[in-house]
Amino acid sequence: MEKEDIIQVKNLVKKYGKFTAVNNISFNVKKGQIFAFLGPNGAGKTTTIKMLTTLLNPTSGEIKINGYDPLRDKDNARHSFGIVFQDPSLDDDLTAYENMEFHAVLYDVPLKIRKERIEYLMKFVELWDRKDELVKHFSGGMKRRLEIARGLIHHPKILFLDEPTIGLDPQTRNHMWTYIKELNKKEGMTVFVTTHYMEEAEKVADMTVIIDHGKIIAHGTSNQLKKQTKTKSLEEAFLKFTGHSIREQEASTLERLRVHRGFRRH
Amino acid sequence: MGVVYIMWLRQLKKYWRSKPRMIGSLAQPLLFLVALGFGFGPIFQAAGGGNYIDFLAPGIIAMSVLFTAMFAGIEVIWDRQFGFLKETLVAPVSRAKIMLGRTLGGATVASLQGFLVLLISFLIGFRVINILYIPVALLLMFITAMFFTSLGTAIASKLEDMQAFQLIMNFLIMPIFFLSGALFPLDSLPKVLVTITRFNPLSYGVDGIRGALTGVSHLGMGMDFSVMIIITAIILAIGSYLFSKIEV
């Protein structure tokens with residue numbers, strides 16, 4: 001059993017001063033699974049992903065990513081995963097191809113393989129014919145697709161997707177899930193995904209965890225969760241678990257800044 | 001090596017692609033050269049200071065190196081806000097390399113900018129003492145640029161957003177510029193100010209660049225080079241340390 005767990009999280013805690021963002025959570029993700037990590041705004045999803053991906057140091061607890069401790073064995077852990085962040089993380093002033101190349105260099109993909117793989121992936125997300133355009137001229141959906149392609153260049157064992165379909169139209173969303181499922185099947189790649197679209201989670205996820213106020217409040221397959229709550233859809237089950245009140249979330253600096261954006265970008 | 005190179009290349013590409021920024025940042029030095037150069041020139045001459053353009057041009061070159069380099073460093077905040085920083089921070093490479101690459105890139109851009117200002121200053125009458133010394137001036141511009149890019153990076157590593165930007169501009173960059181000997185000779189200043197200028201890194205940069213271009217150095221070229229190299233090494237180390245501690 002142990003062997004199959006590609007992500008292991010034990011008693012993970014993250015505190016900011018007195019506020020506990022992630023409160024003693026434990027879970028495992030099996031190799032080759034599509035794992036949905038759900039929760040309302042401010043539940044601790046992104047904080048958890050940041051700790052799993054070495055961007056944030058936990059206050060306490062243990063993490064194993066592909067067998068590596070992201071605190072002590074950073075580089076091995078980092079080689080093991082690809083990530084698509086909640087906010088865009090492309091360089092707008094570079095072309096699509098340059099963004100891909102940049103990633104390949106950072107992950108030390110050999111020159112020969114690099115070109116092939118970039119071409120393959122960019123064709124896969126249908127952006128090859130626009131490879132020399134600056135990313136700033138891309139639509140939100142195109143940027144997302146490029147980010148997914150980029151996250152796969154180094155053939156990660158795990159792909160983290162933090163709300164990958166937010167703000168995308170149904171066509172693009174549909175398309176993206178097709179890509180992701182295909183990869184999951186073909187390469188046996190584990191997918192760790194957070195989303196607010198419950199139908200998506202219900203459709204694609206092999207295993208679901210619901211987190212709220214920093215604690216895991218439900219764990220199981222969609223069917224198990226529906227059975228537990230005697231509901232018909234994952235969305236209803238989710239609302240049963242987390243309640244109907246609307247969560248306040250502080251605007252991120254990015255959102256605040258977007259308003260001012262015009263005044264600096266050329 | 002690949003990582004340092006690609007970070008460096010990125011800075012250069014971004015600079016090359018933002019023509020409005022390039023032109024915009026040449027307008028200010030040009031304005032300073034023309035307005036101050038021709039405005040104060042006669043007074044400077046009458047006071048026995050010699051040709052003011054010759055005195056001023058190296059100072060304005062240093063100014064554009066200072067501004068461009070500081071902004072290149074502070075750009076870390078923009079990368080943080082627009083997300084790209086995360087992409088570099090989750091990569092399996094040492095952050096020191098990332099920091100070094102972007103600092104070298106920023107410093108190269110700032111030196112290029114300084115070189116462009118040198119060319120502009122030729123247009124309005126600046127003459128160097130010996131063309132062969134221009135590479136020496138360029139080297140010093142580059143070291144100065146390394147210093148201020150690292151300083152900018154160090155500061156930006158500790159900042160969340162651009163809120164503090166005006167503060168940095170008014171309480172750091174402007175005083176560094178005005179109290180560096182870029183605009184006026186330092187020897188006849190009140191004692192307190194002289195002491196302050198001795199602690200200003202740009203004083204050595206300005207003095208060295210002026211020395212290489214016009215043959216008149218106040219502090220001595222050896223002194224200028226040694227001070228700049230030592231403090232640049234120190235701030236580079238501090239900058240890499242702070243950069244490596246960034247959490248997003």
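In this predicted model, helix α3 (residues 52–81) of chain B packs against helix α6 (residues 134–157) of chain B at an angle of about 30°, their axes lying 7 Å apart. Axes here are lines fitted to C-alpha atoms, for helices over the stretch in contact, and angles run from 0 to 180 degrees between N-to-C directions. Helices (H or I, at least four residues) and strands (E, at least two) are DSSP runs, numbered from the N terminus. The residues of this contact divide into 17 nonpolar, 7 polar and no charged; Ala, Val, Leu, Ile, Met, Phe, Trp, Tyr, Cys and Pro count as nonpolar, Asp, Glu, Lys and Arg as charged, and the others, Gly among them, as polar.

Residues are numbered from 1 along each chain as its sequence is written, with chains lettered from A and ligands numbered from 1 in the order in which they are written. Local features need pLDDT of at least 70 and side-chain atom pairs count only at pLDDT 80 or more, while totals for chains, interfaces and linings use all residues.

Now to where the chains meet. Chain B and chain A each bring 25 residues to their contact (C-beta atoms, placed from the backbone, within 7 Å). On the side of chain B, α1(B) gives the most, with 7 residues. That side has 10 nonpolar, 5 polar and 10 charged residues.

How values were computed:
Two residues are in contact if their C-beta atoms, placed from the backbone, lie within 7 Å.
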